[in-house]
Amino acid sequence: MTSSAGDTFVRIDRAGERAAELAPALTAIYSEVYAEPPYLWGEEHTSMFVRWFAGQRVAPGFDLVVARADDEIVGFAFGVTLRPDTPWWSTVTTPVDAELVTETPGRTFALVELLVLHPWRRRGVGQRLHDQLLEGRSEQRATLTVLPEAEPAQRAYRAWGWRLVAQKTNPLPGAPTFDVMIKPLSPRGSQGPRPA
């Protein structure tokens, strides 16, 4: 991997107050990345991110990893543990087995965002964020959503062991359809992956 001597990673475990301090920088990255194709999302999506992140950063199982080059944040990844009453699966548009979408306490970690600024892509930063975020999680599996048209992200997630299990929409008018992916995790203390 190509990286500069200034690359560092800071892990923030379930630290809502520190995540709040970082929110403006994370919002700026969110806005910049999602203004690019295939997303072309504007201020409305950025405003939703600000509102949702305020709740997500205090949710059970919240975890955040940021990538820094020198003193600047160049990427981040975060997620939360899904609750049994999560709406995550409520907008699935493809037929799925009920067992797949039934949540039990601590079963699934949702990787909510993994974003890297353009100059830092194809340098292994995204994979390092991904791996550090999922390392040592106690859940059996992880899930995420990704646009079918987001080909670089699709390729990366497949290479990192994710598999497509369904499609869903977000609960917003005119929202696009997303692919839903699952990845088995190796919980703390286990010697290998547990089945999804």
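A residue is called buried when its relative accessible area is under 20%. Keep that cut-off at hand for this tour of a predicted model.

**Stop 1: Thr 46**

Select Thr 46, in helix α2. Its relative accessible area is 7%, so Thr 46 counts as buried. Which residues does it touch, once those up to four places away in sequence are set aside? Show Thr 27, Tyr 30 and Ser 31, and you have them.

**Stop 2: the whole chain**

Now zoom out and switch to a cartoon view. Walking along the sequence, the order is β-α-α-β-β-β-α-β-α-β-β. The chain has 196 residues, and 45% of them are buried. Of the contacts with a separation of 6 or more, 68% are between residues 24 or more positions apart.

**Stop 3: the nonpolar cores**

Next, select Leu 26, Phe 53, Leu 64, Phe 76, Tyr 157 and Trp 162 and show their side chains. These have the most contacts inside the largest nonpolar core, a set of 47 residues. Elements that each supply at least two residues of this core include α1 (16-34), α2 (43-56), β2 (63-69) and β3 (72-81). Also on that list are β4 (108-116), α3 (125-134), β5 (141-146) and β7 (177-184). Which element gives the most? Colour α1 to see the answer, as it contributes 8 residues.

Stay with Phe 53 for a moment. Beyond its neighbours within four places in sequence, Phe 53 is in contact with Ala 19, Ala 23, Leu 26, Phe 62 and Phe 78.

There is also a second, separate core of 9 residues. Trp 89, Leu 100, Ala 110 and Val 180 are among them.

Select β3. Is this strand mostly covered or mostly open? It is mostly covered, with 9 of its 10 residues buried. On one hand, β2 and β3 run antiparallel and are joined by 7 bridges. To pick out one of these pairs, select Val 65, whose bridge partner in β3 is Ala 77. Follow the chain between the two strands and you reach a hairpin turn of 2 residues. In that turn, Asp 70 has a positive phi of about 60 degrees.

The strand also pairs with β4: 7 bridges join β3 to β4, and these run antiparallel too. Here, select Phe 78 and look across to its bridge partner in β4, Glu 113.

**Stop 4: β7 and its partners**

Move on to β7, another mostly covered strand, where 6 of the 8 residues are buried. β5 is joined to β7 by 6 bridges, and the two run antiparallel. Select Thr 145 to find its bridge partner in β7, Val 180, a residue of the second core. Strand β6 (residues 163-169) pairs with β7 in the antiparallel sense, over 6 bridges. There, Lys 168 stands opposite Phe 178 in β7.

**Stop 5: Glu 103**

Now select Glu 103, in the loop between β3 and β4. Is this residue buried or exposed? With a relative accessible area of 6%, Glu 103 is buried. Show the side chains around it: leaving out residues up to four places away in sequence, Glu 103 touches Leu 82, Arg 83, Pro 84, Thr 86, Trp 89, Thr 108 and Arg 141.

Which side chains make polar contacts of 2.8 Å with that of Glu 103? One is Trp 89, with a polar contact of 2.8 Å. Another is Thr 108, with a polar contact of 2.8 Å. For a distance check in your viewer, the C-alpha atoms of Glu 103 and Thr 86 are separated by 7.7 Å, although the two residues are 17 apart along the chain.

**Stop 6: two backbone details**

Finish with the backbone. Most residues other than glycine have a negative phi, and most peptide bonds are trans. Go to Pro 38, in the loop between α1 and α2. A cis peptide bond joins Pro 37 and Pro 38, with omega about 5 degrees.

Then select Arg 122, in the loop between β4 and α3. Its phi is near 60 degrees, a positive value in a residue other than glycine. Arg 122 has 81% relative accessibility, so this residue counts as exposed.

Methods:
Residues are numbered from 1 along each chain as its sequence is written. This is a predicted model: local features need pLDDT of at least 70, side-chain atom pairs count only at pLDDT 80 or more; totals for chains, interfaces and linings use all residues. Side-chain values use heavy atoms; hydrogens and water are left out. A nonpolar core is a set of buried Ala, Val, Leu, Ile, Met, Phe, Trp, Tyr and Cys residues joined through side-chain atoms within 4.5 Å. Buried means under 20% relative accessible area, exposed over 50%, partly exposed in between (1.4 Å probe, protein chains only). Helices (H or I, at least four residues) and strands (E, at least two) are DSSP runs, numbered from the N terminus. Contact means heavy atoms within 4.5 Å. A polar contact is a pair of N or O atoms within 3.5 Å; within protein, one must be able to donate a hydrogen and the other to accept it, and residues adjacent in sequence count only if both atoms are side-chain atoms. Two strands pair if DSSP finds at least two bridges between them.
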